[in-house]
Amino acid sequence: MEPVPARPVTAMFLGLIVGLGAAVILQQGGVWPMDKITTFLLPGLLGLVFVLLSRVRRPISAIPLAIALILLIAPVAYGLTGIGEARERGQLNGDCTVEAASDRDTTVVTDTSRSNPFDIDPEGGLSWFATSPGLITDHEWEIWVVIGEYELVVADGGEANKDMTTSNMGDVSDVQGYVEGLGFRSADQIQGIYEVGGFIDGEGGSCDGFGFVKIEAGFFGSIASWIALVLGLIALGIFGIVAFTERFRALPAGHDTRDHVVVGATSEGRPALEGGDVEPTETDADQPGDPQGDRDIRPRNDRSD
């Protein structure tokens with residue numbers, strides 16, 4: 001039998017999968033949005049932990065270990081930059097204001113944060129009121145949602161502002177219906193904490209900013225959270241098999257085992273007697289030149305005096 005070497009690169013990828021699954025579950029459960037910490041730092045650290053655990057009582061090659069550690073540098077380093085943003089609050093630039101109200105909460109965008117988002121009932125209503133410091137005409141606007149530091153545009157447009165207004169207001173009675181109107185087919189599957197941002201830019205000025213929104217739902221109330229859970233459990237199970245089972249494997253057929261010492265046996269494989277003598281065999285007795293080779297070996301009772 002020979003020991004099975006560790007597989008640090010495989011362990012790294014399995015750790016990343018488990019970490020990303022945990023990030024999705026935390027976001028969908030309304031615990032934390034998918035930012036640098038959950039999308040990069042958490043998977044990177046879990047990948048590092050998995051690599052270290054895979055080495056327990058196993059031989060490991062330096063090159064695969066170095067490859068795994070080098071690949072983990074990028075997500076961990078980038079994720080660490082998000083620690084300073086953990087307490088970040090919503091922002092508005094350009095002296096604009098945005099207020100919002102739902103069936104559960106009221107807020108000003110600049111009062112929202114990752115740990116204190118604006119709470120929205122997906123089956124309830126929503127209203128908002130926004131102002132600009134001056135008249136903005138011939139403008140364009142855009143609204144996006146941040147997923148893992150990537151901006152997903154969910155709505156955009158523009159107009160001449162013929163009414164010459166410096167404010168905008170609106171309300172919807174059904175948030176799910178409004179979200180479906182933006183192009184999402186399954187609005188009931190959208191839940192969790194999101195960073196929502198946008199801008200307006202035209203003649204006379206511009207404004208931009210972002211805030212944090214929480215769409216309330218059950219902890220495992222979406223397909224995304226269940227998919228993340230299943231994939232994470234599968235990756236965790238594979239890691240358990242790779243890291244903690246099959247520590248030894250049989251030697252290849254025909255492998256020279258002369259260098260392997262077996263306690264209680266001689267180099268010829270015959271059992272040893274006390275004192276180090278080797279028990280004679282019938283084959284030994286028939287060897288040429290053996291003084292006992294010509295003796296008639298019979299049961300003791302059959303011998304004559």
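Asp35 is buried, its relative accessible area being 3% (buried means under 20% relative accessible area, exposed over 50% and partly exposed in between, with a 1.4 Å probe and protein chains only). The model is a predicted one, in which local features need pLDDT of at least 70 and side-chain atom pairs count only at pLDDT 80 or more, while totals for chains, interfaces and linings use all residues. Residues are numbered from 1 along each chain as its sequence is written, and side-chain values use heavy atoms, with hydrogens and water left out.

Asp35 forms a salt bridge with Arg114, and their closest N and O atoms are 2.8 Å apart (a salt bridge is a side-chain nitrogen of Lys or Arg within 4 Å of a carboxyl oxygen of Asp or Glu). Distant parts of the chain are linked by this pair, 79 residues apart: Asp35 lies in the loop between helix H1 (8-28) and H2, and Arg114 in the loop between strand S4 (106-108) and strand S5 (118-120). Helices (H or I, at least four residues) and strands (E, at least two) are DSSP runs, numbered from the N terminus. Arg114 also counts as buried, at 1% relative accessibility.

## Further salt bridges

The count comes to seven salt bridges. One of them pairs Glu216 with Arg104, with 3.9 Å between the closest N and O atoms. Glu216 sits in the loop between strand S11 (205-215) and H5, whereas Arg104 sits in the loop between strand S3 (97-102) and S4, 112 residues apart. Glu216 is partly exposed at 26% relative accessible area, and Arg104 counts as partly exposed at 44%. Through shared partners, salt bridges join Asp35, Glu88, Arg114 and Glu195 into one network.

Glu85 and Lys36 also form a salt bridge, the closest N and O atoms being 3.4 Å apart. Glu85 is in the loop between helix H3 (62-80) and strand S2 (91-93), and Lys36 is in helix H2, 49 residues apart. Lys36 counts as buried at 11% relative accessibility, whereas Glu85 is partly exposed at 24%.

## Packing of H2 and H5

The axes of helix H2 (residues 36-54) and helix H5 (residues 223-244) come within 9 Å and cross at roughly 30°. Axes are lines fitted to C-alpha atoms, for helices over the stretch in contact, and angles run from 0 to 180 degrees between N-to-C directions. H2 and H5 are therefore roughly parallel to each other (angles under 35 degrees count as roughly parallel, over 145 as roughly antiparallel, 65 to 115 as roughly perpendicular and the rest as oblique).

In H2, Phe50, Leu53 and Ser54 meet Leu236, Phe239, Ala243 and Phe244 of H5, contact meaning heavy atoms within 4.5 Å. By class, this contact has six nonpolar residues, one polar and no charged (Ala, Val, Leu, Ile, Met, Phe, Trp, Tyr, Cys and Pro count as nonpolar, Asp, Glu, Lys and Arg as charged, and the others, Gly among them, as polar).
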